[in-house]
Amino acid sequence: GAGNTRSLGDIVYYSHSPGNWQYQNEVINYISSHDEGTLAGTNGNHGNATVQQVKVCNALLLTSMGIPMIWMGEEFMRLHYGNYIANNTDEVNNVMDWSLASANTNLIKYISALIKLRIAHPSLRMTVQDPATAGNFNWNHISPVAWNYALGYTYKGISGDNDFVVLNNFATSAKTFA
């Protein structure tokens with residue numbers, strides 16, 4: 001359930017349940033793909049995502065355990081509506097509008113900085129069997145539902161690396177964290 005932070009860890013990061021994946025580098029994480037489309041093209045049934053929503057989702061993706069996958073054009077608000085609907089699998093849906101890259105250079109720089117952060121810090125790429133039990137990772141134990149669309153977690157630095165606190169606000173209003 002949404003109030004069970006350990007289950008949330010299974011869903012967002014990797015499943016360490018018996019019979020499933022044992023290490024983070026055995027799982028591919030993504031927020032969009034050729035089947036579902038990009039965030040700019042669809043945001044569930046709620047309409048197109050904003051640049052801010054794409055930033056928050058990519059911050060979650062690129063600070064999560066596992067191997068991140070970015071669907072082409074996500075970094076510059078490409079409109080792709082997914083290939084799972086028969087009417088949207090045509091060639092027009094799969095054309096890349098490169099002018100969006102020029103229009104969204106700040107988003108490209110933001111996602112590029114997140115990628116560089118991930119590469120530079122082994123704490124964001126650790127591959128221990130159960131980082132929470134090992135003391136390298138901790139969910140904020142407040143229910144994400146109680147947080148009203150916000151999620152927080154910490155990484156203890158490994159190999160002389162920095163500790164990290166990651167706070168993601170999925171709400172439309174600002175939040176204050178203690």
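**Exercise 1. Find the residues that L39 touches beyond its sequence neighbours, and decide whether L39 is buried or exposed.**

Step 1. Leaving aside residues up to four places away in sequence, L39 touches I31, S32, N48, A49, V54, C57 and E74; a contact means heavy atoms within 4.5 Å. Before going on, note that this is a predicted model, where local features need pLDDT of at least 70, side-chain atom pairs count only at pLDDT 80 or more, and totals for chains, interfaces and linings use all residues. Residues are numbered from 1 along each chain as its sequence is written, and side-chain values use heavy atoms, with hydrogens and water left out.

Step 2. Now place L39: it lies in the loop between β1 (28–30) and α2. Helices (H or I, at least four residues) and strands (E, at least two) are DSSP runs, numbered from the N terminus.

Step 3. L39 has a relative accessible area of 10%, so it is buried (under 20%; exposed is over 50%, partly exposed in between, with a 1.4 Å probe and protein chains only).

**Exercise 2. Describe the ring pair of F76 and W98.**

Step 1. The structure holds 4 aromatic pairs. Rings of Phe, Tyr and Trp (its six-membered ring) pair if their centres lie within 6.5 Å; planes under 30 degrees apart are stacked, over 60 edge-to-face, and the rest tilted.

Step 2. F76 and W98 form a tilted pair, 5.6 Å centre to centre with 40° between the planes. Both sit in the loop between β2 (67–69) and α3 (99–103), 22 residues apart.

Step 3. Check accessibility: F76 is buried at 3%, whereas W98 is exposed at 58%.

**Exercise 3. Characterise the second largest pocket.**

Step 1. Its volume is about 230 Å³. A pocket is an open set of points on a 1 Å grid where a 1.4 Å probe fits, with protein on both sides within 12 Å along at least five of seven lines; lining residues have an atom within 4 Å of a point.

Step 2. The lining has 12 residues, with Q53, V56, N169, F170 and A171 nearest the centre. Helix α2 (residues 51–62) gives the most, with 4 residues.

Step 3. Sort the lining by type: 6 nonpolar, 6 polar and no charged.

Notes. Points joined across faces, edges and corners; volume = space filled by probe spheres on them. Nonpolar A, V, L, I, M, F, W, Y, C, P; charged D, E, K, R; others polar.
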